[in-house]
Amino acid sequence: MSKALHRKISLAIIIIAGCVFSHAQNEISSPYSKYGYGLPSNITSGAYDAMGKVGYAMQDPYLINFKNPASYVAFDSLSFIADAAFSIYSSTLKTSDITQRTTYARPGYLSIGLPVTRHWRTSAGILPFSNLGYNISDSCILDNDINAKYAYQGNGGLLQLYWGNAFRICKGLSFGFNVSYLFGRLSYTKSAEYDGSYFFNTMVDRTTLVDGIYISGGLQYFATIKNKHRIGFGIVYENSAYLWTKESNFTYNYTGTGNNITLNDTMQYNTGKGHMQTPQTLGGGFSYQYKDKWWVSADVAWQDWAHYYLNGTNNGNLQDAITVSTGIQFVPNATSTNYINKIRFRAGFRYTTGQIYVNEQSINDFSFSIGFGLPLKLYNNNSSLGIMFEYGQMGTLQNELLRENYFRFSLHFTLQEKWYQRVKLE
């Protein structure tokens, strides 16, 4: 395959992924996303995603690990890397007597990485930061046998546009940081509808626009023993960001239902500006590599969700959360001429105590994942197609709560292109 065709394929994938991101709609359906700024995306690069979302102590010359920006120093000095991912979700929400199933697709991320100088590497991209989406309905009988129907809806989320840099301090030790612009919209709607022609229905619509700067930094250290064993350590700190918000509240009466409503009277409309404080995160990890065959890694992270607030208030259902993840990767023979022997087999486990506390119950979340890294042999030896399957469970049926079982299928493309090479004429 010619170099010109390589570049065309790379450019086409980047453009397509960018268009998907720009037109993507959040289709998640989880009542637990109404707390805080939505459910955190916890995005990692596709390869480490299949390993339980590890990454604090992982680095690879041909993978972009934005979970720890210090890992960028591993980028090959003569390569440009592009990475994009896409996922399909299947979710089953269950209470003690009701079950609901939904399926939706969503872009994962788009990122690039490249060398700048001998000791300096850089990366940029766009990632989902949080997801908000739910639709809840309820009904009851009021006095005079009037039937009342209540509906609660939420949609939106935050995106993260980041630029990261990493520097090699000395042999094995590196430092990196990401500067991100967070932006997005959080929309919440509550409505009450009544049977009969003598009552007006009521709706409250609250929309919050969010934007601001978010910073994270990391350190990594790697040591090689007897040219066979490589041990790595990593630590990351993400600051508690103060973001700007602009909120509008709209309360009105109406008649009709669904899409056929007639506005009768605006009861209240106001706008205001404020701030959102995001939780800070402190995490660390360990990794072990044996030759180019085995990788094992484990991470632990803490987030102080108890100090999250929006426009001066905290909804009282948030708590500090601890997340533990571990993963493994195996390659039979990375230098073999047999294609099967070059496939990367991955598996992982992740558990979090959860930042949500409802009805005296913590909403924990755990998941198992497996995946494969398939070399794109017709492209080049360092480009790959990643496939991942994940199964997880969030919540509980205790104390009249809700349990969500989810399945995710993900694809990610990692494309490597030669960089800073001049053609030699003979």
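**Exercise 1. How many bridges join strand β6 to strand β7, and which way do the two run?**

Some ground rules come before the solution. This is a predicted model, in which local features need pLDDT of at least 70, side-chain atom pairs count only at pLDDT 80 or more, and totals for chains, interfaces and linings use all residues. Residues are numbered from 1 along each chain as its sequence is written, and side-chain values use heavy atoms, with hydrogens and water left out.

*Solution.* 
- Step 1: find the strands. Helices (H or I, at least four residues) and strands (E, at least two) are DSSP runs, numbered from the N terminus. β6 covers residues 173–194 and β7 covers residues 201–225.
- Step 2: apply the pairing rule. Two strands pair if DSSP finds at least two bridges between them. Here 20 bridges join β6 to β7, and the strands run antiparallel.
- Step 3: pick one spot. T208 in β7 stands opposite L186.

**Exercise 2. Follow β7 onward: which residue in β8 is the bridge partner of A223?**

*Solution.* 
- Step 1: locate β8, residues 229–238. Ten bridges join this strand to β7, again in antiparallel fashion.
- Step 2: read off the partner. A223 is bridged to I231.
- Step 3: inspect the turn. β7 and β8 form a hairpin with three residues between them. K226 in that turn has a positive phi of about 55 degrees.

**Exercise 3. What parts does the ring pair of Y37 and F129 tie together?**

*Solution.* 
- Step 1: set the cut-offs. Rings of Phe, Tyr and Trp (its six-membered ring) pair if their centres lie within 6.5 Å; planes under 30 degrees apart count as stacked, over 60 as edge-to-face and the rest as tilted.
- Step 2: classify. The structure holds 20 aromatic pairs. One of them is Y37 with F129, 5.5 Å centre to centre and 40 degrees between the planes, a tilted pair.
- Step 3: Y37 lies in the loop between α1 (3–23) and β1 (39–40), and F129 in strand β4 (residues 120–141), so the pair ties together parts 92 residues apart in sequence.
- Step 4: check burial. Buried means under 20% relative accessible area, exposed over 50%, partly exposed in between (1.4 Å probe, protein chains only). Y37 is buried at 2%. F129 is buried too, at 11%.
- Step 5: widen the view. Ring pairs link Y37, F129, Y214, W305 and Y308 into a cluster.

**Exercise 4. Which residue lies over the face of Y56?**

*Solution.* 
- Step 1: state the test. A charge sits over a ring if NZ of Lys or CZ of Arg is within 6 Å of the ring centre and within 35 degrees of the ring normal.
- Step 2: apply it. K67 lies over Y56, at 4.5 Å from the ring centre.
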